[in-house]
Amino acid sequence: MPHVKDTHRIETRDLDMPPRLLLGPGPSNAHPRVLRALSNRQVGHLDPRFIELMNEVQSLLRYAWQTDNPVTIPVSGTGSAAMEAAVANCVEPGDSMLIGVNGYFGERMVDMAGRYGAVVTRMETPWGTSVDLDTIRRHMEACRPRVLGLVHAETSTGARQPLEGVRALCDEFDCLLLLDTVTSLGGVELFIDDWGVDAAYSGTQKCLSCPPGLGPLTLGPRVLERLEKRSKPVPNWYLDMSLVGKYWGSSRTYHHTAPINMNYGLREALRLVAEEGLEERWKRHRNTAERFWAGLADIGLSCHVRQDIRLSSLTTVRVPDGVDSGAVARTLLNEYNIEIAGGLGQLAGKVWRVGLMGFNSRAENVTLLLAAMEDVLKR
Ligand SMILES: *Cc1c(COP(=O)(O)O)cnc(C)c1O
């Protein structure tokens with residue numbers, strides 16, 4: 001027998017994480033009730049009680065998304081896994097796909113769609129703006145897409161993509177509408193069925209206030225129809241919804257082991273959404289954000305995104321001239337235990353990104369953050 005080496009047998013201390021207030025683009029702090037639910041005792045992933053829980057999670061997700069889609073499930077993986085599932089199940093090699101690119105996550109969708117063989121047309125607008133209907137129509141006429149991908153809540157810019165009128169355009173061009181709702185689900189007005197969205201995905205760690213680890217996904221009838229007609233299977237075994245759907249659907253066939261305790265957490269997070277009610281929850285996010293925007297103006301700071309398309313879940317704050325945005329964020333973390341983030345891409349060094357999501361969307365957090373920012377900026 002070989003010798004057991006002790007090279008990597010490091011001595012470690014008991015885990016003791018600092019009490020951070022997570023006010024960046026995600027993760028946000030999990031709700032205490034969600035953390036409690038996560039530590040519930042485990043059952044098997046085909047246990048009748050777990051199957052009951054799977055039904056509850058699916059139902060509560062349909063409420064949060066305002067959809068009746070039967071295929072509405074949490075993908076095992078973070079938001080990007082659900083994003084990849086949406087793309088992989090909607091796109092067939094050679095399909096024309098039109099994607100709104102006005103931030104980091106539109107860029108990521110372009111990358112994924114290309115990997116699944118889509119012929120991608122980028123519809124670019126400056127970071128912090130949204131795409132208007134005329135622009136979408138012009139691009140659709142030129143590239144005749146089979147799939148249109150938009151980011152409802154661009155976490156890299158703080159801009160909201162309006163959806164009014166988009167379905168009618170998609171109908172005209174027989175096109176699927178795929179929507180990133182990672183930073184809007186549970187925080188910002190969202191109507192999957194009324195807006196005619198065919199595929200949407202999200203994550204648990206933004207406005208749902210659950211730790212990262214699951215990626216909610218919903219697929220409508222037009223997507224299922226295309227899935228059935230595909231000539232070749234979805235080229236990603238783990239994310240093929242014709243297989244995963246059987247585990248979450250009525251037959252409950254084993255596909256992969258669901259992350260049991262993460263589903264406990266998500267169930268609790270969604271229960272909190274249902275208890276509060278969507279209208280109340282959206283209003284709370286709006287009120288908290290408006291309080292923050294007003295406070296920013298009081299200390300001489302301004303927002304990057306114009307107010308009518310500004311997300312209540314994520315605000316991009318302009319960094320004043322001569323201020324080192326990274327240094328401010330570091331000081332907030334080190335001295336106040338508050339996490340905010342800097343800008344990405346076109347907005348690198350130009351903005352801070354502040355998330356007021358889910359459980360964290362509360363007046364007291366706004367008061368604390370504004371006081372801390374004012375204090376740090378004064379130095
Ligand atoms: C966070 C985020 C994602 C990716 O989710 P992960 O959980 O980080 O994989 C995708 N889209 C948007 C808009 C996001 O904010």
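## About the model

The model is predicted: local features need pLDDT of at least 70, side-chain atom pairs count only at pLDDT 80 or more, and totals for chains, interfaces and linings use all residues. Residues are numbered from 1 along each chain as its sequence is written, and side-chain values use heavy atoms, leaving out hydrogens and water.

## The whole chain

Let's start with the big picture. The chain has 12 helices and 14 strands (DSSP runs numbered from the N terminus: H or I of at least four residues for helices, E of at least two for strands). Its radius of gyration, taken over C-alpha atoms, is 21 Å. That is close to the 21 Å from the globule rule (2.2 Å times the number of residues to the power 0.38) for 379 residues, so the chain is as compact as a globular protein of that length.

Along its principal axes, the C-alpha trace spans about 65 × 65 × 50 Å. Of the 379 residues, 56% are buried (under 20% relative accessible area, with a 1.4 Å probe and protein chains only).

## Helices α3 and α4

Now zoom in on α3 (residues 79-90) and α4 (residues 104-115), whose axes come within 10 Å and cross at roughly 50 degrees. Axes here are lines fitted to C-alpha atoms over the stretch in contact, with angles running from 0 to 180 degrees between N-to-C directions.

Who touches whom? On α3, the contact (heavy atoms within 4.5 Å) is made by S80, M83, E84 and V87. On α4, F105, R108, M109, M112 and A113 take part.

Methods:
Buried means under 20% relative accessible area, exposed over 50%, partly exposed in between (1.4 Å probe, protein chains only).
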